[in-house]
Amino acid sequence: RFQQVQSMMCDLMEWRSQLLSGTLPKDELKELKQKVTSKIDYGNKVLELDLIVRDEDGNILDPDKTNVISLFHAHEEATNKITERIKEEMSKDQPDYASYSRMSSSPTHSLYVFVRNFVCRIGEDAELFMALYDPHKLTMISENYLVRWGSRGFPKEIDMLNNLKVVFTDLGNKDLSRDKIYLVCQIVRVGRMDLRDSNSKKYTQGLRRPFGVAGTWWL
């Protein structure tokens, strides 16, 4: 029973990290929540705890707001699902090290980035896009973190000063086994078409133009 509960806890911890990452699309998020509630209900059955009845979305039914017949059908349906799950688990022949392999392969690595300052003589507003980059596959392996920087040398949202932080999550062992990973910052200038254009009647404001790029070897 200990090994059985240990395996379930490993699954729940892995799924929890995926839920907290905030990177899953809506349909996958709903499916993962259903897997989590199903695993919890199955674990309660293994530990001989009380059965929790839920609705279709996995929310716990309130007995004060649900009629007796609906509660009865929910109990019956939950019992049948758990019984089928027990039969499936008993038919599987998994080795004892399966839980350890799942834990070792779970995406538990993260990179914390704190943007303290940005120094670049542009003269106009800028947008900074930071992401992780694989130089061998020539592709980004993460989403972009956007920072809007003003022409006066401060963030556009002044309340974000000294609070520009981001965590790149869901970095698994596969990512750490790459030869190199760079943290790349792409700089986009927002303003005139040409910086040399000084006549306010001729130039157009709000144009986004690539300005520069910087990178640092993280791994």
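Which residue forms a salt bridge with arginine 189? The close-ups below, taken from a predicted model, begin with that pair.

**View 1. Arginine 189 pairs with glutamate 124.** The two form a salt bridge, and their closest N and O atoms are 2.8 Å apart. Arginine 189 sits in strand E6 (residues 182-191), while glutamate 124 sits in the loop between strand E1 (109-115) and strand E2 (125-134), so the pair ties together parts 65 residues apart in sequence. Both residues are buried.

**View 2. Arginine 178 meets aspartate 134 in a salt bridge.** Here the closest N and O atoms are 2.5 Å apart. Arginine 178 lies in the loop between helix H5 (173-176) and E6, and aspartate 134 lies in strand E2. These distant parts of the chain are 44 residues apart. Arginine 178 is buried because its relative accessible area, 18%, is under the 20% cut-off. Aspartate 134 is buried too, at 3%. Elsewhere, salt bridges with shared partners join Glu124, Arg189 and Arg192 into one network.

**View 3. A salt bridge links two helices through lysine 39 and aspartate 11.** The closest N and O atoms of this pair are 3.3 Å apart. Lysine 39 belongs to helix H2 (residues 26-46) and aspartate 11 to helix H1 (residues 2-21). They are 28 residues apart. Lysine 39 is buried, with 7% relative accessible area. Aspartate 11 is buried at 10%. The structure holds six salt bridges.

**View 4. Phe154, Ile158 and Leu161 make a nonpolar surface patch.** The patch covers about 280 Å². Leucine 161 is in the loop between strand E4 (145-149) and strand E5 (164-171). With 35% relative accessibility, leucine 161 counts as partly exposed.

Key: Residues are numbered from 1 along each chain as its sequence is written. This is a predicted model: local features need pLDDT of at least 70, side-chain atom pairs count only at pLDDT 80 or more; totals for chains, interfaces and linings use all residues. Side-chain values use heavy atoms; hydrogens and water are left out. Patches are made of residues with over 30% relative accessible area and no salt bridge: like charges are joined within 9 Å, nonpolar side chains (Val, Leu, Ile, Met, Phe, Trp, Tyr) within 5 Å. Accessible areas come from the Shrake-Rupley method with a 1.4 Å probe; for residues, only the protein chains shown count as cover. A salt bridge is a side-chain nitrogen of Lys or Arg within 4 Å of a carboxyl oxygen of Asp or Glu. Helices (H or I, at least four residues) and strands (E, at least two) are DSSP runs, numbered from the N terminus. Buried means under 20% relative accessible area, exposed over 50%, partly exposed in between (1.4 Å probe, protein chains only).
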